[in-house]
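Good morning, and thank you for coming.

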Amino acid sequence: MSAKAISEQTGKELLYKNICTSAAVQNRFHYASVTAETDWARLTQDHSWLLTERLVVKPDQLIKRRGKLGLVGINKDLQGVREWLKDHLMKETTVGKAKGVLKNFLIEPFVPHTQEEEFYVCIYATREGDHVLFHHEGGVEVGDVDAKAQKLMVPVDGKLTEDLVKEQLLTQVPDDKKDVLASFIVGLFNLYEDLYFTYLEINPLVVNQDGVYVLDMAAKIDGTADYICKAKWGDLEFPPPFGREAYPEEAYIADLDAKSGASLKLTLLNPRGRIWTMVAGGGASVVYSDTICDLGGVDELANYGEYSGAPSEQQTYDYAKTILSLMTREKHPLGKVLIIGGSIANFTNVAATFKGIVRAIKDYQGPLKEHEVTIFVRRGGPNYQEGLRVMGEVGKTTGIPIHVFGTETHMTAIVGMALGHRPIPNQPPMDAHTANFLLNASNSAATPATTRTASFSEPKSPTDTCPAKKCKAGLPTAKATTLFRKNTKTIVWGMQTRAVQGMLDFDYVCSREEPSVAAMVYPFTGDHKQKFYWGHKEILLPVYKNMADAMKKHPEVDVLISFASLRSAFDSTVEAMQYPQIHTIAIIAEGIPEALTRKVIKMADEKGVTIIGPATVGGIKPGCFKIGNTGGMLDNILASKLYRPGSVAYVSRSGGMSNELNNIISRTTDGVYEGVAIGGDRYPGSTFMDHVLRYQDTPGIKMIVVLGEIGGTEEYKICQGIKEGRITKPVVCWCIGTCATMFASEVQFGHAGACANQASETAVAKNQALRDAGAYVPKSFDELGDVINLELTGFRWPMVPSFLPRRNTGYNGYLWNLLGFFFQELGLIRKPASFMTSICDERGQELIYAGMSITEVFREEIGIGGVLGLLWFQRRLPRYACQFIEMCLMVTADHGPAVSGAHNTIVCARAGKDLISSLTSGLLTIGDRFGGALDAAAKQFSKAFDSGMIPMEFVNKMKKDGKLIMGIGHRVKSINNPDMRVQILKDFVKQNFPSTQLLDYALDVEKITTSKKPNLILNVDGFIGVAFVDMLRTCGGFTRDEADEFVEIGALNGIFVLGRSMGFIGHYLDQKRLKQGLYRHPWDDISYVLPEHMSM
């Protein structure tokens, strides 16, 4: 969750430490906390003012309206405070429906004041900005401040000024207090923003001649901003709502959650209850709690909690054993039930998480049988069949009654079974296995005649292909009606290979011509290629280090799927919106601070970008496109018929529940046309109404389904749209979270936004409003499928074929195209290749070099340099670059028989060895001292130039480090006897290269070195090295990272190796032609330096 309530003491401490105002804030840090364990002598020693001042004492346990409840002791001395506490401390009291024990109290100095000196101020966040409420009459009798207070809304990224405060809020305040109040309110607002508060109320705020006094304060902060505000917050404690105890097990699970990338939540409602839950998914956990309460189990419901986000087996084990430990501490006369439920998972490996639960059940099998615990299981998702099998087996081996159900059973049906409201089937009907989708229903060997073109192509309509509309200058850009099409291309931010592979599998089974993923962005590695499967074939997708390169190389992309972490999601999203080609962004991360999310929303509205998320799994358009892990694995894609469009569109907050909607809609209608999970945060990037209006304007959609939830007021906009006639299509809607009104104390559900701040935000109120407006609203989630069905809506669904689109004609081709997916783990189809190549393909009618046919190579006359560009760099290089490569090969071809490589080749040839052996002998001498200086020179000069060193600094540093400057120096040539090879190359490069920054830098270095010694010239190795870097960086075919990578992997030394090989072969042939005999080096050319006593 994000908005977390803090104690009054914590709130005041943050205020006193961090507020910046010219107003004199009095009684800073004058407060003392008291519990039953308080040592009064130590307390008065630490807070001596307790002995001298009149005091106020009150409970600090998130209790509202303490004054009206008689829970504030006023104007007392210390003895009076202690007497007052005897009547209240550790006493049970009732506040509303909540009953709890008063344990924590706050003592502060009493501030004498008049009613005229009391004021009310409150700041709270909404989607559009932050609202500041002020009333000139504060205190216990302030009444309905929403109706009475002056209001000022500060938009997102807006600033609050003292003049604005005076003008709009302080109209009824005496003039002598306006300056003080304006300064304090502006300081308070800045504090609210800087420390990521979401709610801050002071009542009363007293202002007199001495300054400002903060008497009573209530506050909530955005807990997800911990990584930003930790230094200012310190170690905060978040107390439970009054009426609910803080249990160590809750703290233990919270600690597990903080250390995990998954989501683990636990709230104990009634530890003596007989109904316990262990539910996967934030939305599903609410639905199960709703159903339990609807069936009369609210008083026996022991806990609320959820595990989601693919927790590991160990994390699930730790979570499960905590639940089992709690539920086996006290016996219940009726025995107990444990509901292990969940929706159909998108990406969580059900078998892996169930292994953790099974381990816990085995460890607690004795206590579970002793407490007569019956377990009901319902789950779906990746590998769920194996998970259910393992769960069923543990029931048989331990003797614990465990009833197991899969996706064939309605999600909440097990609640009715557990509570005795419906029978437990002896043999639950099982869904057909995945392979059964391959069988012809007519038992005929022929494939059904219906073609994919007729059945599965998208309706061609004007709204189906319309981009974002252009608006007049100065107005926000209108957002696109259609987000995804058959040819939609996306960039995925983050190294999420499993999600990308799932998208490619979906694309393939939907008969897309090309993968929907054009590229990936991952800033923590260099540019490279990542291997994936397209059907059973391996393909390579580019991975870029920075987004700019990805966008430039793939202008067809208009969707970004961001798997960035909560810490980097904001920056990466803002960066993506700088590119006009992007019109939809899906933000998967959960836990992004609300203030940052609101900034993203504002920017997206201005640029006409649709945001899906944060805290979402994404969305899906059957037959077209799916975001990341949406829709789960391929078996669920098949089972829910997501490979082709239906007529029903839905929008949900919950990602897990969106998959459940896929299941329900596929069973009761012709299927899903499009589905979006907007995310569970308080401020999703796009709202229910945004998508409902899109669906209303899309001809192919016949019905709209909305799964809302407790918290927020977006559903009321749907009510208004129906009443005003803007929405005319049937709308089926249900808001989850109806159980919240039945709980005695406030419960924060799994989603950050699932919390009602007022009566109108409850699920019960919103369901009734939707019903009154004319939407189809079921009595419970259990009946949602029935309401969607034609019996209640009167809509007749068209008949659609259940077969998948085919890739090959004939039943066998169709069958094997699909089996590739299901047998991938067995390695029967998706067998990784032993080799991969991206430069050459000889399998077709003619040879292909990096995508260019050999016919075209000759027709275009690209020459040896062009072929080398294709095979080495996978690029069609400019003409001048090809010529430069050829010139390099020419000048490096040979440098006489005296150099070590040629010498070795000659000696080897004269020893009677063959061409290959002789050539290899010569090539093995190439290294830093001979020929291999190209790479080293390129690296040294590039590093110095890129770091901003001037040439003199570079020379001095190399001398100080005792290192040679590679590419500088020659045995024979000098500044007075220049190397003509270098001169020829220099003339060509200066005339043809667009830029020669690195070469110019190297020539400046040469001026310094030759001033010391004339033969310290830039030699041919050094020249080719630096000039080649200039060519790679400036020819337009490479990013900076790509150019640097080619230098790093040794491409430049390859030029010398290839060129010099021509010379070595020439020397070999020359020696054979001259019929030279075995070479023996003459004695007189050897200096024998044996020790003196061993000499002759």
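Of the 1096 residues in the chain, 55% are buried, where buried means under 20% relative accessible area, exposed over 50% and partly exposed in between, with a 1.4 Å probe and protein chains only. This is a predicted model, in which local features need pLDDT of at least 70, side-chain atom pairs count only at pLDDT 80 or more, and totals for chains, interfaces and linings use all residues. Residues are numbered from 1 along each chain as its sequence is written, and side-chain values use heavy atoms, with hydrogens and water left out.

The chain has 39 helices and 35 strands; these are DSSP runs, helices being H or I with at least four residues and strands E with at least two, numbered from the N terminus.

Let us turn to one pair of helices. The axes of α11 (residues 350-363) and α13 (residues 384-398) cross at roughly 10 degrees and come within 8 Å; such axes are lines fitted to C-alpha atoms, for helices over the stretch in contact, and angles run from 0 to 180 degrees between N-to-C directions. The two helices α11 and α13 are therefore roughly parallel, a term for angles under 35 degrees.

Is asparagine 1019 buried or exposed? Asparagine 1019 lies in the loop between α36 (997-1010) and α37 (1020-1034), and because its relative accessibility is 11%, asparagine 1019 counts as buried. Neighbours within four places in sequence aside, asparagine 1019 is in contact (heavy atoms within 4.5 Å) with Gly967, Ile968, Gly969, His970 and Val982.

Definitions and conventions
Angles under 35 degrees count as roughly parallel, over 145 as roughly antiparallel, 65 to 115 as roughly perpendicular and the rest as oblique.
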